[in-house]
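I opened a new page for this model today.

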Amino acid sequence: MKIKIIDDDIQFMDSLKNTLTGEFDHVLIDGSTSFEDEYDYDIYFLDIDLDNVNGIDIAKEIKKIKQFNDDIIVIFVSFKEDLIFEALQTFPYYFLRKKYLQEELPIVINKIKKNVNDESGMGVIEIVLIILV
């Protein structure tokens, strides 16, 4: 499984990377502070408020390139709960509130693991996690 984290908060990115590494076997996690047309990852964690681009727009582009594949899971993480309606336009799997991330992230991880186990022959899940700051 390949995971891409794009966030301008390096400390948050490192914390998320450590959490995910401990939860999933055989994981390659790459972090950066920008998006460069990288569509070959299985899981995307995207900050919405990046310097040159909007994370919701990135999610829409990923879904378009992946031809709206039903296996793509979009998860938003945000302090800005007022952006949930705009975020819902990408049909997210879950909306995590960043202020409750420690409590809610394990719930989402367990749901993802359950989906992987329930899908026979499914080798990869594609996830987009948008981090709203």
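**Strand pairing**

I began with β1 and β3: the two strands run parallel and are joined by 4 bridges. I then looked for the partner of Ile-5 and found Phe-45 in β3. The model is a predicted one, and I read everything below with that in mind.

**Cover on the two strands**

I checked burial next. In β1, 4 of the 5 residues are buried, and I noted the strand as mostly covered. In β3 the count is 5 of 5, so I wrote that strand down as largely enclosed by the rest of the structure. I sorted the β3 side chains by direction. Ile-43, Phe-45 and Asp-47 point one way. Tyr-44 and Leu-46 point the other way. Residues on both sides are buried, Asp-47 included.

**Overall layout**

I stepped back to the whole chain. The protein has 133 residues, and 44% of them count as buried. I counted 4 helices and 6 strands. Along the sequence I read the order as β-α-β-β-α-β-α-β-α-β. I also looked up sequence separation in the contacts. Among contacts between residues at least 6 apart, 65% join residues at least 24 apart.

**Nonpolar cores**

Which residues touch the most other members of the largest nonpolar core? I found Leu-16, Leu-20, Phe-45 and Leu-96, in a core of 18 residues. β1 (2–6), α1 (10–23), β3 (43–47), β4 (72–78) and α4 (101–118) each give at least two residues. The largest share is from α4, with 5 residues.

**Single residues**

Is Glu-104 buried or exposed? I put Glu-104 down as buried, because its relative accessible area is 9% and the cut-off for buried is under 20%. Glu-104 lies in helix α4. Leaving aside neighbours within four places in sequence, I found Glu-104 in contact with Phe-95, Leu-96 and Arg-97.

I went to Asn-54 next, in the loop between β3 and α2 (55–65). Asn-54 counts as partly exposed because its relative accessibility is 26%, which falls between the 20% and 50% limits. With neighbours within four places set aside, Asn-54 is in contact with Ile-48 and Glu-86.

**Rings**

I searched for aromatic pairs last, and the count came to 0. I did find a charge over a ring. Lys-98 lies over the face of Phe-12, at 4.3 Å from the ring centre.

Conventions
Residues numbered from 1 in each chain as written. Predicted model: local features only at pLDDT ≥ 70, side-chain atom pairs only at ≥ 80, totals over all residues. Heavy atoms only, no water. Core = buried A, V, L, I, M, F, W, Y, C linked by side-chain atoms within 4.5 Å. Buried < 20%, exposed > 50% of the residue type's maximum accessible area, 1.4 Å probe, protein only. Pairing = 2+ DSSP bridges. Contact = heavy atoms within 4.5 Å. Phe/Tyr/Trp six-rings, centres within 6.5 Å; stacked < 30°, edge-to-face > 60°. Lys NZ or Arg CZ within 6 Å of the ring centre and 35° of its normal.
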